[in-house]
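Morning, everyone. I have one structure to walk through today. Please have a look at it while I talk.

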Amino acid sequence: MNGLTVEDAKDALRGTTLEIYRFLLKSNKPVGIREVQRALNLSSPSIVAYHFSKLEEAGLVRQEKGDYVVSKVILDHSIRVSRFIIPRHLFYAAFAIAVLIIKLVIFRPAVINREYFFSTVVTLVFAIVFCYEAVKAWHRGDL
């Protein structure tokens, strides 16, 4: 990675550079400068070339036959599923919601006691927190 640490590479992933990196991750194939310019609606190819040079310097992309491909995947707060980049908290939220539904439908006692009530409320709080974090990461564009 040209002597740069993972933290240095993460620092390079901001703004337009991050958008271009995410586009490359989603495309999952070699991509040219003009293709990125058109897809992200950027004003000129030189802007894309500048951001590609930042990504190359950070060791995140490499050039192959004139096009660029991802050489290192950094997904701190996300998981890549095929072409989709999904916040990790979304999986935690789905799990907490599934546990809550199972608790309310299958394991509901005839008489609701304190332990059941407390554990259900805690599971609900976890589900809400994970949903909030997933939405926040999605809007922030966090990797």
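A definition before anything else: buried means under 20% relative accessible area, exposed means over 50%, and partly exposed is in between. Take lysine 29, at 42% relative accessibility: that makes it partly exposed. Keep in mind throughout that this is a predicted model.

Which residue does it pair with in a salt bridge? The partner is glutamate 35, and the N to O distance is 3.0 Å. Glutamate 35 has a relative accessible area of 33%, so it also falls in the partly exposed class.

How many salt bridges does the whole structure hold? The search finds three. In general, side chains of opposite charge can pair when their charged atoms come close.

The next bridge joins glutamate 64 to arginine 62, at 2.8 Å from N to O. Glutamate 64 is partly exposed, at 33%. Arginine 62 is partly exposed too, with a relative accessible area of 39%.

Then there is the pair in helix H6. Lysine 136 and glutamate 133 meet at 3.6 Å, N to O. They are three residues apart in that helix, so about one helical turn separates them. The general rule is that an α-helix has 3.6 residues a turn, so residues three or four places apart point the same way. Lysine 136 comes out as partly exposed, at 32% relative accessibility. Glutamate 133 is partly exposed as well, at 22%.

The largest nonpolar core has 20 residues. Those with the most contacts inside it are Ile20, Tyr21, Val36, Phe52, Leu55, Leu60 and Val61. Which elements give two or more residues to this core? They are helix H2, residues 15-27, and H4. H2 gives the most, with six residues. As a general point, nonpolar side chains in soluble globular proteins tend to be buried together.

Stay with H2 for a moment. The helix has 13 residues and spans 19 Å from first C-alpha to last, close to the 18 Å expected at 1.5 Å a residue. Its buried residues include Leu18, Ile20, Tyr21, Phe23, Leu24 and Leu25. Arg22 is on that buried list too, and so are Thr17 and Ser27. Just after H2 comes asparagine 28, with a positive phi of about 60 degrees.

Across to Phe52. Setting aside neighbours within four places in sequence, phenylalanine 52 contacts Ile20, Leu24, Ile33, Val36, Val61 and Tyr68.

One more from H4, which covers residues 45-57: histidine 51. Is histidine 51 buried or exposed? It is buried, because its relative accessible area is 10%. Beyond its neighbours within four places in sequence, histidine 51 touches Thr16, Thr17 and Ile20.

Last stop, the surface. Ile97, Ile101, Ile102, Leu104, Val105, Ile106 and Phe107 form a nonpolar patch there. Together they have about 680 Å² of accessible area. Where does isoleucine 106 lie? It is in the loop between helix H5, residues 88-105, and helix H6, residues 114-140. Isoleucine 106 counts as exposed, because its relative accessible area is 57%.

That's my tour. Questions, please.

Key
Residues are numbered from 1 along each chain as its sequence is written. This is a predicted model: local features need pLDDT of at least 70, side-chain atom pairs count only at pLDDT 80 or more; totals for chains, interfaces and linings use all residues. Side-chain values use heavy atoms; hydrogens and water are left out. Patches are made of residues with over 30% relative accessible area and no salt bridge: like charges are joined within 9 Å, nonpolar side chains (Val, Leu, Ile, Met, Phe, Trp, Tyr) within 5 Å. Accessible areas come from the Shrake-Rupley method with a 1.4 Å probe; for residues, only the protein chains shown count as cover. A salt bridge is a side-chain nitrogen of Lys or Arg within 4 Å of a carboxyl oxygen of Asp or Glu. Helices (H or I, at least four residues) and strands (E, at least two) are DSSP runs, numbered from the N terminus. Buried means under 20% relative accessible area, exposed over 50%, partly exposed in between (1.4 Å probe, protein chains only). Contact means heavy atoms within 4.5 Å. A nonpolar core is a set of buried Ala, Val, Leu, Ile, Met, Phe, Trp, Tyr and Cys residues joined through side-chain atoms within 4.5 Å. The expected span of a helix is 1.5 Å times one less than its number of residues.
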